[in-house]
Structures are given as structure tokens and as C-alpha cells.
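Subject: Structure handover

Hi,

Here is the structure for your files. My notes on it follow below.

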Amino acid sequence: MATSPIVLAAGPASPFGTLDELLACAKAHPGQVSYGTPGVGTPQHLAVELLVHMTGARMTHVPYKGSSQPLSDLLAGHIPLVSAAINPAQPYIGSGKLRGLAVADAHRVASLPDPPAIAEKVPGHEVRIWYGLMAPAGTPDDVVARLNQALAAAAGHPDMQKQMRELGYERALDTPGAMDREVRDDVKKWGEAIRAAGLKPE
């Protein structure tokens with residue numbers, strides 16, 4: 001139905017102000033740069049693990065239980081970096097309280113245009129939070145098709161599109177078959193990344 005970009009945000013006391021400076025700092029001081037996320041295995045966590053895997057810049061993960069506390073600790077100077085969905089981070093970046101270093105997307109995003117895409121510096125890096133609806137296995141194809149059409153009609157309403165833009169979401173409604181391929185591709189992509197990072201379920 002929709003996607004939400006992920007942003008790497010630095011605090012006012014952080015020693016880096018750009019993605020290049022972050023990577024240089026993490027390479028010069030392996031493991032000393034810590035970053036907060038809403039938890040182990042979340043897209044926000046995997047976005048940084050993919051960046052680490054692709055660049056060799058070692059960082060230390062600080063998992064939280066939810067998205068508000070890492071931003072609070074970043075504002076207080078307890079951690080230097082957070083990987084967050086754009087929605088909760090955007091007000092702080094827009095007001096100048098936090099610095100947006102980069103978005104984990106293939107391109108810059110309309111709701112937060114200043115931070116560059118990580119892919120501009122690290123080609124091939126792309127992580128987005130996506131939202132979809134699923135029905136029980138065995139649901140008749142005609143029922144799935146009707147639900148898809150109804151969702152498309154609702155998502156296409158101007159009020160709905162305006163609300164999504166204000167919340168930092170981008171419309172991404174597609175066919176049931178396309179979503180099935182998305183899930184299968186993600187299982188393969190993230191299975192490999194998780195094994196490479198040595199992550200374990202908690």
C-alpha cells in the first residue's frame with residue numbers, strides 16, 4: 001500500500017555532519033560509533049547493517065523497544081546516531097534539532113529533500129519500510145482482486161494522498177502478484193544480509 005523511507009539522523013553533539021564523515025569516523029574508530037534503532041531485526045537496524053556490510057564501516061548497534069526512546073536519547077546526546085523511519089524523525093530534522101545525514105533509499109525523498117540518498121554514495125543500498133495487507137491462504141482470487149481494487153480507489157483519493165504525504169509515506173499500491181514477488185525477494189535479500197551480519201532472533 002505504501003512505503004516509508006528510513007533516515008540516518010545525527011544529534012547536535014555528534015562528531016559527524018554528513019554521511020561521508022560518519023563513514024570516515026566509523027572506519028577510523030571501528031565499533032566506537034553507536035547507533036540506535038527500534039530493535040533487532042527491524043528495517044531501521046537492517047539498513048545500517050547493510051551499510052556496514054557494503055562499506056566495511058563498523059558500528060555498534062543499540063537496540064531499543066520502540067521508536068521514540070532512541071530519538072530522545074539522540075536529542076539528549078546519549079547516542080550519536082539513530083536509524084529511524086522518517087515520520088517520527090522529520091519534525092526534529094525540520095526544526096534543526098537533529099541533522100539528517102542520509103536516507104536509506106535509491107533517491108532523495110520529497111518529504112525530506114535535503115539529506116542525500118545513501119545510494120548516491122553507496123550504489124545499490126536501498127532499504128524502505130513497506131506496508132501491505134494480507135489475507136489468509138486460500139482466499140479466492142476474485143475476493144483478493146476486489147479488495148485490491150477497493151484499496152486502490154481509497155488510496156487514490158486526494159485527501160488520502162495528502163495525509164500520506166504529510167506523514168512521510170509514499171503511495172506504492174500494486175497488484176497482489178507484485179506484492180508476492182516483493183515478499184519473496186525480501187526473504188532472499190534479508191536472509192543473506194542477516195546471515196552475513198550474524199544476527200540472531202531475540
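How many cavities of 30 Å³ or more does the structure hold? It holds one. First, the ground rules. This is a predicted model, so local features need pLDDT of at least 70 and side-chain atom pairs count only at pLDDT 80 or more, while totals for chains, interfaces and linings use all residues. Residues are numbered from 1 along each chain as its sequence is written, and side-chain values use heavy atoms, with hydrogens and water left out.

**Cavity**

The largest cavity contains about 30 Å³ of space. (On a 1 Å grid over the protein atoms alone, a cavity is a set of points where a 1.4 Å probe fits but cannot get out; a pocket is an open set with protein on both sides within 12 Å along at least five of seven lines; lining residues have an atom within 4 Å of a point. Points are joined across faces, edges and corners, and a volume is the space filled by probe spheres set on them.) Its lining includes Thr 37, Gln 44, Ser 67 and Pro 88. Helix 3 (68–76) and strand 4 (81–85) each give two or more residues. Strand 4 has the largest share, with four. (Helices, H or I of at least four residues, and strands, E of at least two, are DSSP runs numbered from the N terminus.) By class, seven lining residues are nonpolar, four polar and none charged. (Nonpolar: Ala, Val, Leu, Ile, Met, Phe, Trp, Tyr, Cys, Pro; charged: Asp, Glu, Lys, Arg; polar: the others, Gly among them.)

**Pocket**

The largest pocket has a volume of about 1100 Å³. It is lined by 38 residues; Trp 130, Gly 132, Leu 133, Met 179 and Val 183 lie nearest its centre. Helix 8 supplies the largest share of the lining, 10 residues. The lining divides into 23 nonpolar, seven polar and eight charged.

**Helix pair**

The axes of helix 2 and helix 8 come within 10 Å and cross at roughly 70°. (Axes are lines fitted to C-alpha atoms, for helices over the stretch in contact; angles run from 0 to 180 degrees between N-to-C directions.) The two helices are therefore roughly perpendicular (65 to 115 degrees).

Best wishes

Note on methods
Parallel < 35°, antiparallel > 145°, perpendicular 65-115°, else oblique.
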